[in-house]
Amino acid sequence: MHLLLSGIVGSVAYGLAGPSSDVDRIGVFAAPTVAFHGLHPPTESVVTTDPDTTLHEARKWCRLALSGNPTATELAWLPDDCYETRTEFGERLIAIRSAFLSAPRVRDAYLGYAGQQFRKLESRSDGTFSSDTRRRTAKHARHLARLVHQGRLLYATGVLEIRLADPGWFRAFGERVADGRLTEARTLLAEVERDFDRTRTPLPDRPDEARVERWLLDVRAAHLPPAAG
């Protein structure tokens, strides 16, 4: 495994971390190219805990990012201080990050993930639940608000904001929803869906797969075994 790019993501990167927040990491690695020709293809993802780390093989990460997956996508947009590994191929990946973007996939992915968070909120009660359930409810609400904010901004500008400009608003929103004000979450989601409908986006209809393919093929070529002398 050759790690190409990795960094700290999640609440620490967003500016939403609290005293009990976990530190989440994500990265992209290259498997040896010859491994793809054997009986057993290399592992596409490696997930570990303590610390919480998810590493995706280069092709897997590219597929996720091309689909608009928010968690994968943010690796290429992190603030500089969140990166822990930045190789030459990692720098090149950051340089072509806009090639992975497309209007319909950004819209579908961010609204889809936000909708998942809302359904988790709907499964809760009216705020009269245990402290642990309340904490998880506030977390889901923050995730919903953060996803729709990031998705809306990315759709409107072509730029993904990782470190939130006003993290206090998201914390307060989470606490209000955890207090039972689910209507706020429903209203926010509906408002953002309308914003997507009326926003003129600079994003293309399709990602630039040719640029992504060139990067991936260069990764494969660089990870071939050396030629025999």
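## Ground rules

Since the model is predicted, local features need pLDDT of at least 70 and side-chain atom pairs count only at pLDDT 80 or more, while totals for chains, interfaces and linings use all residues. Residues are numbered from 1 along each chain as its sequence is written, and side-chain values use heavy atoms, with hydrogens and water left out.

## The sheet

There's an open sheet of 5 strands here, ordered S3-S4-S2-S1-S5 with mixed pairing. Strands are DSSP runs of E, at least two residues, and helices are runs of H or I, at least four, both numbered from the N terminus. Pairing takes at least two DSSP bridges between two strands. At the edges sit S3 (45-48) and S5 (83-86), each pairing on one side only. On average, neighbouring strands are turned by 15 degrees against each other, direction ignored.

S3 runs antiparallel to S4 (residues 52-57), with 4 bridges between them. Valine 46 has leucine 55 in S4 as its bridge partner. Helix H2 (residues 58-66) packs on the sheet and touches S2 (24-30), S3 and S4; contact means heavy atoms within 4.5 Å. The direction of H2 makes about 95 degrees with that of S4 (axes are lines fitted to C-alpha atoms, for helices over the stretch in contact, and angles run from 0 to 180 degrees between N-to-C directions).

## H4 against H9

The axes of H4 (residues 88-95) and H9 (residues 209-222) come within 11 Å and cross at roughly 175 degrees. That makes the two helices roughly antiparallel (the cut-off is over 145 degrees).

On the H4 side, Phe89, Arg92, Leu93 and Ala95 meet Arg211, Trp215, Asp218, Val219 and Ala222 of H9. The contact residues split into 6 nonpolar, no polar and 3 charged. Nonpolar covers Ala, Val, Leu, Ile, Met, Phe, Trp, Tyr, Cys and Pro, charged covers Asp, Glu, Lys and Arg, and the others, Gly among them, are polar.

Notes:
Parallel < 35°, antiparallel > 145°, perpendicular 65-115°, else oblique.
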